[in-house]
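Work through the exercises below with the sequence and the model side by side. Each task is followed by a solution in steps.

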Amino acid sequence: MKSFFSQEFLDMSSKNITEEISKNSFFSKESILNSEIIDKIMSETELFKIKFNSVDISAVHDQDGYYMSNGLAKSETLFNLLTSKKIMNIAKSYLGENFRLKCHRVYSVNPGARNPWHTDDKKYGSKTESKKGLVFMIYLNDVYDGEFQAIKGSHLYSSDFDYPNYDEDIIDDLKKNIVSFKYPKGSIIIFDNKAIHRAKPYFNYSWKRKSLFFQID
């Protein structure tokens, strides 16, 4: 376990982490995952190796970037990270004993891609169902542009809106509470799935943001 996370992160109480999420919508910590583990995940998932005419699991590529959504079938390292005692204890502290892995992906967002402000607690369209959940984001390279952004405290009122995506005029009224996470490789952000958030657009065409995302509810 110690080979995955920094000792400082391991020593942090799961209760303190989830209490911070309950209060602010999110918790974050820089450089909790070492470079060796990140390199193994990237190598095992083969994010940028698109396979044609093969029965092997492959990432997909679309106009927004590269996505590997079957990483648990490709990467033992990723499987062990997601099922680690630390991750499980944080999930139990926030959600209780019964929870599931809803989705996961290793991905890279292309320059110029635009991600609307949104929440992750529901399907696209109207809010027909909303379950309590946590989202984990780990940077797989240094991210000082195109970073994750979230609106502090927004998980407490986002259910007042009928749709998961938010127009810019709504965000303008909330912009004083926007927090940007410009962090180095291996940093983590954990947030309530009702928090309003996005990936900030970036336009550096010589660089790609790479991240690990997984959601539990």
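## Exercise 1: Surroundings of Glu-20

Leaving out residues up to four places away in sequence, Glu-20 touches Ser-25, Phe-26 and Phe-27. The model is a predicted one.

Task: find the element that holds Glu-20, and decide whether Glu-20 is buried, partly exposed or exposed.

Solution. 
1. Glu-20 sits in helix 2, which covers residues 14-24.
2. The relative accessible area of Glu-20 is 33%. Buried means under 20% and exposed means over 50%, so Glu-20 is partly exposed.
3. Between the C-alpha atoms of Glu-20 and Ala-150 there are 14 Å, while the two residues are 130 residues apart along the chain.

## Exercise 2: The nonpolar cores

Task: state how many residues the largest nonpolar core has, and which helix gives the largest share of this core.

Solution. 
1. The largest nonpolar core has 35 residues. Phe-5, Leu-81, Val-106, Phe-136, Ile-190 and Leu-212 have the most contacts inside it.
2. Helix 5 (residues 85-95) supplies the largest share of this core, five residues.
3. Another core lies apart from it and has 17 residues, including Val-135, Phe-148, Phe-191 and Phe-213.
4. Take Leu-81 as a case: beyond its neighbours within four places in sequence, Leu-81 is in contact with Phe-4, Phe-5, Leu-33, Ile-37, Ile-41, Ile-87, Ile-138, Leu-212 and Phe-214.
5. As background, nonpolar side chains in soluble globular proteins tend to be buried together.

## Exercise 3: A buried arginine

Task: find the side chain of opposite charge that is nearest to Arg-198, and its distance.

Solution. 
1. Arg-198 belongs to strand 11 (residues 197-199).
2. Arg-198 is buried, and the nearest side chain of opposite charge is Glu-168, 4.4 Å away.
3. A salt bridge requires the atoms to be within 4 Å, and Arg-198 has no salt bridge.
4. The side chains of Arg-198 and Gln-149 are joined by a polar contact of 2.8 Å.

## Exercise 4: A salt-bridge network

Task: trace the salt bridges of Lys-74 with Glu-46 and with Asp-56.

Solution. 
1. The whole structure has eight salt bridges.
2. In the salt bridge of Lys-74 with Glu-46, the closest N and O atoms are 2.8 Å apart. Lys-74 lies in the loop between strand 3 and helix 4 and Glu-46 in the loop between helix 3 and strand 2 (60-62), so this pair ties together parts 28 residues apart in sequence.
3. Lys-74 also forms a salt bridge with Asp-56, with closest N and O atoms 3.2 Å apart.
4. Salt bridges with shared partners join Glu-46, Lys-49, Lys-51, Asp-56 and Lys-74 into one network.

Technical notes
Residues are numbered from 1 along each chain as its sequence is written. This is a predicted model: local features need pLDDT of at least 70, side-chain atom pairs count only at pLDDT 80 or more; totals for chains, interfaces and linings use all residues. Side-chain values use heavy atoms; hydrogens and water are left out. A nonpolar core is a set of buried Ala, Val, Leu, Ile, Met, Phe, Trp, Tyr and Cys residues joined through side-chain atoms within 4.5 Å. Buried means under 20% relative accessible area, exposed over 50%, partly exposed in between (1.4 Å probe, protein chains only). Helices (H or I, at least four residues) and strands (E, at least two) are DSSP runs, numbered from the N terminus. Contact means heavy atoms within 4.5 Å. Lys and Arg count as positive and Asp and Glu as negative; His and the chain ends are not counted. A polar contact is a pair of N or O atoms within 3.5 Å; within protein, one must be able to donate a hydrogen and the other to accept it, and residues adjacent in sequence count only if both atoms are side-chain atoms.
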